[in-house]
Amino acid sequence: MVDSPSYSLAALNQMSQDEFTHALGAVFEETPAIARQAWHSRPFNSINELHKAMVEVVRSLSPDDQLALIQAHPDLGSRTKMADASVKEQAGAGLDQLSPEEYERIQQLNQNYKDKFDFPFIVAVKDHTKDSIFENFSKRLTHDIATEQETALTEIFKIAQFRLDDLIEPSTHSA
């Protein structure tokens, strides 16, 4: 991403907790506390180590806090305000260029999903096209709530990995 700041792993390892949280606070949607807690696991020798530390923070959260993280994500294809990273990710899958029929369909799927699970449908859109997203909606609407909460967290972890890859300079992805 040309307009996103990028950081070296070495620089992140040297940052104060506040600087680190500011730099990586958006990796997990609306939840900078994850970066704040992951800071304690420094130094990181690779982007994968950093990602693992952040995932461990999420895994250590209470079920209510995990649900709050899931609920912080925007509806797919929505035209409401969302984090810059979400806007770019959804545009990359063509969700910013839905036909009126596709927009209506995704809004109905979002509503059906939220009615069943009480949280938004989450998918790492970088891995998908519009069509595969629609297919995933249909498939995942058949899940039970426990399966779908775990699936949502798994997708959130993928999104976080993509965001870290965008934020950390390529030459510093491993040490």
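Predicted model: local features only at pLDDT ≥ 70, side-chain atom pairs only at ≥ 80, totals over all residues.

I started with Tyr113 and Phe117, which both sit in helix α7, four residues apart, about one turn of the helix. My helices are DSSP runs (H or I, at least four residues; strands are E, at least two), numbered from the N terminus.

Residues are numbered from 1 along each chain as its sequence is written, and side-chain values use heavy atoms, with hydrogens and water left out.

**Rings.** I searched the whole structure and got eight aromatic pairs. Tyr113 and Phe117 form one that is tilted, at 4.7 Å centre to centre with 50 degrees between the planes. For the rule, rings of Phe, Tyr and Trp (its six-membered ring) pair if their centres lie within 6.5 Å; planes under 30 degrees apart are stacked, over 60 edge-to-face, and the rest tilted. Are Tyr113 and Phe117 buried or exposed? Both are buried (under 20% relative accessible area; exposed is over 50%, partly exposed in between, with a 1.4 Å probe and protein chains only). Ring pairs also tie Tyr113, Phe117, Phe119, Phe121 and Phe137 into a cluster.

**Helix neighbours.** Next I checked α7 (residues 100-117) against α8 (residues 130-140): their axes come within 10 Å and cross at roughly 30 degrees. So α7 is roughly parallel to α8 (under 35 degrees; over 145 is roughly antiparallel, 65 to 115 roughly perpendicular, the rest oblique). Axes here are lines fitted to C-alpha atoms, for helices over the stretch in contact, and angles run from 0 to 180 degrees between N-to-C directions. On the α7 side, the residues in contact (heavy atoms within 4.5 Å) include Tyr113 and Phe117; Phe134 and Phe137 are among those in α8.

**Buried threonine.** Thr21 is in helix α2 (residues 17-24). It is buried, with a relative accessible area of 10%. Leaving out residues up to four places away in sequence, Thr21 touches Pro32, Ala35 and Arg36.

Where is the cis peptide bond? I found it from Arg42 to Pro43, with omega near 0 degrees. Pro43 lies in the loop between α3 (33-38) and α4 (47-60). Asp118 isn't a glycine, yet has a positive phi of about 65 degrees. Asp118 is in the loop between α7 and α8, and is exposed at 56% relative accessible area.
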